[in-house]
Amino acid sequence: ILGRKKMSFIQVTKEEFNTHAQQVSERSFMQTEEMAKLLEKRGFSISYVAWKEGDQIEVSAIVYSMPMTGGLRMEVNCGPIHSSVAHLSDFYQGLKDYAKANGALELLIKPYDTYQTFDSNGEPTSGEQKQLISQLTDLGYSFDGLQTGYPGGEPDWHYVKDLSGITEKDLIKSFSKKGKPLVKKAKTFGIKLKKLKRDELSIFKEITSATSDRREYSDKSLDYYQDFYDAFGDNADFMVATLNFQDYFDHLESDQAKLGARIAKLQADLEDNPKSEKKQNQLRELSSQFETFDVRKGEATAFIDKYGQEDIVLAGSLFVYTPQEAVYLFSGSYPEFNKFYAPALLQEYVMTQAIKRGIDFYNFLGIMGIFDGSDGVLRFKQNFNGYIVRKMGTFRYYPQPLKYKAIQGVKKLLGRN
């Protein structure tokens, strides 16, 4: 038919993928050229695929593959990305054919589309997008089901914050009732934030190792973090929060002296007007604060005895930037220093950076999706007054199901996973 556009599922170049990626409003760091570079370094094979409508790419994705017994395991993680949803089904069908033609035994898709939206406390604010699931299952993909927790180590529930319309100046005002004083308090300790250089990444690794041992999850290796640093360059910040306990002690001394001056003035006022109940209450309150300073100075002295005059690392986080969103990826902290609230300052830092870069969406990433008060990670993220999105999870397709089952059966017999 004359004038009909040519439609096709094809492999595209990195440049074509990048051009399309600039046009989409929603995209994960998993679907970036930098991530492809990292995965290649880690031994995966990478290809860029797309659904084209005439000369126009409408849907595209990075597919990464790893050899498995009898074939390849292919995956599209947090993708595909799309500038039009009209041909998503065509893309998913094309991907099946592509997987089959390229010797895949298993194909995994973990779409980035939002299945449902919730407020900060987990109350639904939108309906379920059930058609997103049936779109894939109707094409013969099997679905792992809607899940909570971290299936396969990756969360389907994300805590996020819309930064549009927020300036650096009024960022703290946008935090929750608990979050505002938390960040303000953290700013009083003299904590310094530092961006690590490549040869300092062992500092970051030490924090994540200690945290993963404590929380019983598997940590990434130092060479992974180094590869990540190399792949992402200026689009990743390995940040640490440090405190010099002598500086902290000096801060306390100075603040206590200011408080002492206020107390002395109140006492003088009370001599002139001894019956002022308001001033007596103020004096009681300030005297109690003065005693708290003595306790904190005692704690600071103990830290100085233990750590000397060094800058000591309290917490660390890895943040990633794409044009579409900033992401909170890995982190760790030392419980001994919990009272300094350093992770809250790291969060304020990344949101400020996002605003500076013109990024108006911040993804704190994983929470459990369980809202009974047991998720401490959620409680921390709620301080920043965002909302929750639920992704669908994992879909699988087996181009050669009998071969796949046979190999799995043999592996089971041999006691291998």
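Author: Helices are DSSP runs of H or I with at least four residues, numbered from the N terminus. The model under discussion is a predicted one.

Reader: In which helix is the place of Tyr-229?

Author: A run of at least four residues is required for a helix. Residues 222-232 form such an element, and Tyr-229 falls in it. The helix is α7.

Reader: How many helices and strands does the protein chain have?

Author: Helix α7 belongs to a chain that also contains strands. The secondary structure comes to twelve helices and 16 strands.

Reader: What share of the 417 residues in the protein chain is buried?

Author: A residue is called buried when its relative accessible area is under 20%. Of the 417 residues in the protein chain, the share that is buried is 48%.

Reader: Is Tyr-229 buried, exposed or partly exposed?

Author: The relative accessible area of Tyr-229 is 25%. Buried requires a value under 20% and exposed a value over 50%. Because 25% lies between these cut-offs, Tyr-229 is partly exposed.

Reader: Which backbone nitrogen lies 3.5 Å from a polar atom of the side chain of Tyr-229?

Author: Not counting residues up to four places away in sequence, Tyr-229 touches Leu-196, Lys-197, Arg-198, Leu-201 and Phe-238. One of these residues has its backbone nitrogen 3.5 Å from a polar atom of the Tyr-229 side chain. That residue is Arg-198.

Reader: What distance separates the C-alpha atoms of Tyr-229 and Val-410?

Author: Tyr-229 and Val-410 are 181 residues apart along the chain. Their C-alpha atoms are separated by 40 Å.

Terms used
Residues numbered from 1 in each chain as written. Predicted model: local features only at pLDDT ≥ 70, side-chain atom pairs only at ≥ 80, totals over all residues. Heavy atoms only, no water. Helix = DSSP H or I, 4+ residues; strand = E, 2+ residues; numbered from the N terminus. Buried < 20%, exposed > 50% of the residue type's maximum accessible area, 1.4 Å probe, protein only. Contact = heavy atoms within 4.5 Å. Polar contact = N/O pair within 3.5 Å; in protein donor to acceptor, adjacent residues only side chain to side chain.
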